[in-house]
Amino acid sequence: MTSSSRRVPIEPQAVDAPLSGTAVFLVLTVSDAVGAVDTVRSTLASVADVLKNVAFRDLDAALSCTVGIGARVWGELTRGPLPSELHVFPTVVGDRHTAPSTPGDVLLHIRAARRDLCFEFERQLLDLFGDAVEVVDETVGFRSFDVRDLLGFVDGTANPVGQDLPDATLVGDEDPAFAGGSYVVVQKYTHPLDRWRALTTEQQEAIIGRTKAENIELDDAESGQKSHKTLSTIVVDGTEHDILRDNMPFGSPAHGEFGTYFIGYARRLWVIERMLQRMFIGDPPGLHDRLLDFSTAETGSVFFAPSAAFLEAMGDDPDPAAPDAPTTVPTTATTPATPTAPADGSLGLGSLRPADERTTS
Ligand code: HEM
């Protein structure tokens, strides 16, 4: 079937968009310009139209965009309460390595088979934003060989498939106002490749937890140092909690820059945060993920990607009867070295929300 005979496969906010040959990870903050919030709100509500406009020029390239909104501006932009777990990325401090918390109000995860479509879509959108936003970071990722990261390992194999995918990524009845949306965590990592390459293949495989050439899983260590694969596996009461990753290599050989852009989508934010705690603090504490000795987290931000319908409705006129619920939260937060999640599986984020909202959702 040719693209011209197909219906338009353009779905905004499709967390499960196909793995793409190229991607742009654009992190923005809302500026202090007069009317900035209104401009950002109307631009976000029109993302679906801009997407259709550009994607239609080559349907085979499957242009997609997922918009995420951060906790700092959520209230002002959406005029409503926060999704139950949404908060600013908490800095994770381990003995040797730290996952920093960096600014980010809006995330655009733009994916396509063709770089020009990503470029054009980003250009049109930034035109609409104008001076209402400031670009904090723009990272252009590329697909490397058979879905390998720049450390040489196939990255993404354990992602959920079939029904497990929406189950792991999309909020459901537990937070009905935000059903169909997804928490998103991004971190930009850089690698000292020369030091990584100085390791033997066996040493690298022990760090990752899979063989390099054939991508076969190694057994979990019974005790002592655990691999990246084991530390990032979250099992609670016998249930494994998955997330969806669409990491991408980025960099510039000319500038000696080599990196992995980590992006994780999850139905429950605490799952990704527990992965980070196990990686940076270690399990047991002190035995951190050895991947971090070769991967430095330069950024860290949390967003919530609402459903397409929610995003589009942000362009509607405000309901004069609705309570005005702008929410201001600190730009950074730090977790203690040994954070614990409450028994209900949440991170106890009620304290970041206005008192009158805590009992209502
Ligand atoms: C420098 C950054 C990173 C690199 C290069 C990297 C690379 C990899 C590789 C090669 C695998 C094994 C194959 C696979 O299943 O995908 C893997 C697995 C995984 N990684 Fe990472 N990763 C990075 C950061 C992270 C972070 C920050 C998280 C979560 C917060 C994470 C979560 C996972 C999970 C959940 C798995 C699958 C574990 C399983 O087998 O069930 N990774 N990663």
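Let's start with a packing story: the buried residues of helix 2 pack against helix 1 (36-45), strand 2 (64-69), helix 4 (115-129) and helix 10 (308-313). Keep in mind that this is a predicted model. The protein chain has 361 residues, and 44% of them count as buried. Its elements are 11 helices and 15 strands.

**Helix 2 and its buried side**

- Helix 2 covers residues 47-55, and its buried residues are Val47, Ala48, Leu51, Val54 and Ala55.
- Why do these residues sit on the same side of helix 2? They do because they cover an arc of only 135° around the axis.
- Leu63 touches some of these residues, including Leu51, Val54 and Ala55. Leu63 also touches Ala112, Leu117 and Phe121; residues up to four places away in sequence aren't counted here.

- The largest nonpolar core is made of 86 residues. Val40, Leu63, Val67, Phe121, Val184 and Val302 have the most contacts inside it.
- Which helix gives the most to this core? That's helix 9, with eight residues.
- Take the contacts in the protein chain between residues at least 6 apart in sequence: 79% of them join residues at least 24 apart.

**Strand 12 and its partners**

- Strand 12 is mostly covered, as nine of its 10 residues are buried.
- Strand 7 pairs with strand 12 in the antiparallel sense, over eight bridges. Look for Val186, which stands opposite Ile263 in strand 12.
- Strand 10 (residues 244-245) is antiparallel to strand 12 too, with two bridges in the pairing. Here Arg245 has Gly264 of strand 12 as its bridge partner.
- Strand 11 (residues 248-252) runs antiparallel to strand 12, and five bridges join them. Gly251 has Phe258 of strand 12 as its bridge partner.
- Strand 11 and strand 12 form a hairpin with four residues between the strands, and in this hairpin Gly256 takes a positive phi near 65°.

**Around the ligand**

- There are 26 residues around the ligand, and the ones that come nearest are Phe153, Ala158, Ser232, Met275 and Ser295.
- Strand 7 (182-190) and strand 12 (257-266) each supply at least two residues of this shell, and so do helix 8 (228-231) and helix 9 (269-280).
- How many residues of each class are in the shell? There are 12 nonpolar, nine polar and five charged residues.

- Some background first: most residues other than glycine have a negative phi, and most peptide bonds are trans.
- Gln13 has a positive phi of about 65°, although it isn't a glycine. You'll find Gln13 in the segment before strand 1 (22-30).
- Is Gln13 buried or exposed? Gln13 is buried, because 25 other C-beta atoms lie within 10 Å, and 20 or more is the cut-off for that label.
- Val147 isn't a glycine either, and its phi is positive, near 55°. Val147 lies in the loop between strand 6 (133-142) and helix 5 (164-169).
- Val147 counts as partly exposed, because it has 16 C-beta neighbours inside 10 Å.
- Asp283 and Pro284 are joined by a cis peptide bond, with omega about 0°. Pro284 lies in the loop between helix 9 and strand 13 (296-297).

Terms used:
Residues numbered from 1 in each chain as written. Predicted model: local features only at pLDDT ≥ 70, side-chain atom pairs only at ≥ 80, totals over all residues. Near = placed C-beta within 6 Å. Nonpolar A, V, L, I, M, F, W, Y, C, P; charged D, E, K, R; others polar. Buried ≥ 20, exposed ≤ 12 C-beta atoms within 10 Å, placed from the backbone. Contact = placed C-beta atoms within 7 Å. Core = buried A, V, L, I, M, F, W, Y, C linked by C-beta atoms within 7 Å. Arc of directions from axis to C-beta. Pairing = 2+ DSSP bridges.
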